[in-house]
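Thanks for asking me to look this over with you.

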Amino acid sequence: MKAYVVGGAVRDELLGVPVADRDWVVVGATPEDMTRRGFKAVGRDFPVFLHPDTAEEYALARTERRSGRGYRGFTVYAAPEVTLEDDLRRRDLTINAMARAEDGSLVDPFGGARDLKAGVLRHVSEAFAEDPVRILRVARFAARYGFRVADETMALMRRMVEAGEVEDLVAERVWQEIARGLCESQPQRMLDVLDHCGALARLLPEVQAIRAEAGRRGELDAALGRAVRAGARLPARFALIAWFLSDACEPQAQVLCERLRAPSDSRDLMLAVCRCKKLIVRPRRPSAAALLELLKRADAFRRRERFYELLAVARAADPSEETGREIARAQLALHAAESIDAGRIACEASPAEIPDRIDAAREHAIATALAS
């Protein structure tokens, strides 16, 4: 029985990146052997155990054989005779198919260290094609490291897309990988890879349409870069897509969010961008009434933090001085409108008059602030 650190921990160690946690592969053991040593079984689909002291995950060496379509269509075989190389061969990329033995020696049968040094994402074997999630993972790793995809791997990914493999992916898994890629340091690289292999048109046709026009492609990529530098959260990075859709983009955005099963915070901000972007960017100085309309359409009085995130999207999408001035006016308008005593107005007016009187007071406060 031998144990090896595998996968991301070895990759990150070689890159000089802090290793947050370690996964282990155990060769030459049975589930009974692990239990006798005090490990706790936690694996549902294959034998995984928690170390009794460190709580790190130890998986028995295994092979996988495709038995159906989709990323769940696999039969797993784990037994003492499965070798470390057998286990590493089933992995996606060479940079993830390395192991570190307990004596510190590196086990690298597929040239992962070489590809890591060269900045190349290369599949380990033709078994890569059995799991369409790996297309998304390659794109995500490109966004994280800026590595290029090996020609033979890109060709294999194209064949997978042409065979309809990505249509078998469940929406939640697509969202998970897309969201993680958007949160990496170079999210535009994820879009590049998905576009080049054809998966973008299948999974995110709205984004593919943006990138089909050279000018808008560059604008979206630059906006994502600014969002990264500003430390924008995932909802803002996702909502940037809507900024570059057509002006009447809400139906498109709703379809996109539904297809991805996007969580409510990301969906709501994207839809808010669709409703408000024309009110934020104007060719002339906005009136108090226009600014109040923006605040109401953005639901800024109830969802103040989301409104500021909406403005952050606008700032990333259009860094011009003019848009910066509009954003500053919108912030000033919210501060002024929030200063009125809506409760007092409600007490002094009939129920039917309350909304109009509050709006009038807010508009007056905004106009006063703009004039000062």
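The numbered points below go through the sheet, the helices and a few single residues.

1. **Ground rules.** This is a predicted model, in which local features need pLDDT of at least 70 and side-chain atom pairs count only at pLDDT 80 or more, while totals for chains, interfaces and linings use all residues. Residues are numbered from 1 along each chain as its sequence is written, and side-chain values use heavy atoms, with hydrogens and water left out.

2. **The sheet.** Start with the open sheet of seven strands, whose order is β3-β4-β5-β2-β1-β8-β9 with mixed pairing. The edges are β3 (40–41) and β9 (106–107); each has a single partner strand, so one side of each is left without a neighbour in the sheet. Strands here are DSSP runs of E with at least two residues, helices are runs of H or I with at least four, and both are numbered from the N terminus. Two strands pair if DSSP finds at least two bridges between them.

3. Is β2 mostly covered or uncovered? Strand β2 (residues 23–27) is mostly covered, with four of its five residues buried. Buried means under 20% relative accessible area, exposed means over 50%, and partly exposed is in between (1.4 Å probe, protein chains only). Five bridges link β2 to strand β1 (residues 2–6) in an antiparallel way, and Lys-2 has Val-27 of β2 as its bridge partner. With strand β5 (residues 57–60), β2 pairs in the parallel sense over four bridges.

4. **Tyr-58, seen from two strands.** Find Tyr-58 in β5: Trp-24 stands opposite Tyr-58, and Phe-49 stands opposite Tyr-58 as well. Strand β4 (residues 48–50) runs antiparallel to β5, and three bridges join them.

5. **Helix α15.** Which residues of α15 are buried? In helix α15 (residues 288–297) they are Ala-288, Leu-291, Leu-292, Leu-294 and Leu-295. They lie on the same side of α15 because they cover an arc of only 155 degrees around the axis (taken from the directions from the helix axis to the C-beta atoms). An α-helix has 3.6 residues a turn, so residues three or four places apart point the same way. The buried residues of α15 pack against α14 (264–280), α16 (304–317), α17 (321–338) and α19 (354–371); contact means heavy atoms within 4.5 Å.

6. **Helices α12 and α14.** Helix α12 (residues 234–243) packs with α14 at an angle of about 40 degrees, and their axes are 8 Å apart. Axes are lines fitted to C-alpha atoms, for helices over the stretch in contact, and angles run from 0 to 180 degrees between N-to-C directions. Among the residues that meet are Phe-238 and Trp-243 in α12, and Leu-269 and Met-270 in α14.

7. **A buried glutamate.** Glu-206 belongs to helix α10 (residues 205–211). Why does Glu-206 count as buried? Glu-206 counts as buried because its relative accessibility is 8%. Leaving aside residues up to four places away in sequence, Glu-206 touches Leu-245, Gln-252, Val-255, Leu-256 and Arg-259.

8. **Positive phi in loops.** Ala-55 has a phi near 65 degrees, a positive value in a residue other than glycine, and lies in the loop between β4 and β5. Arg-261 is not a glycine either, yet has a positive phi of about 55 degrees; look for Arg-261 in the loop between α13 (250–260) and α14. Ala-55 counts as partly exposed at 49% relative accessibility, and Arg-261 counts as partly exposed at 46%.
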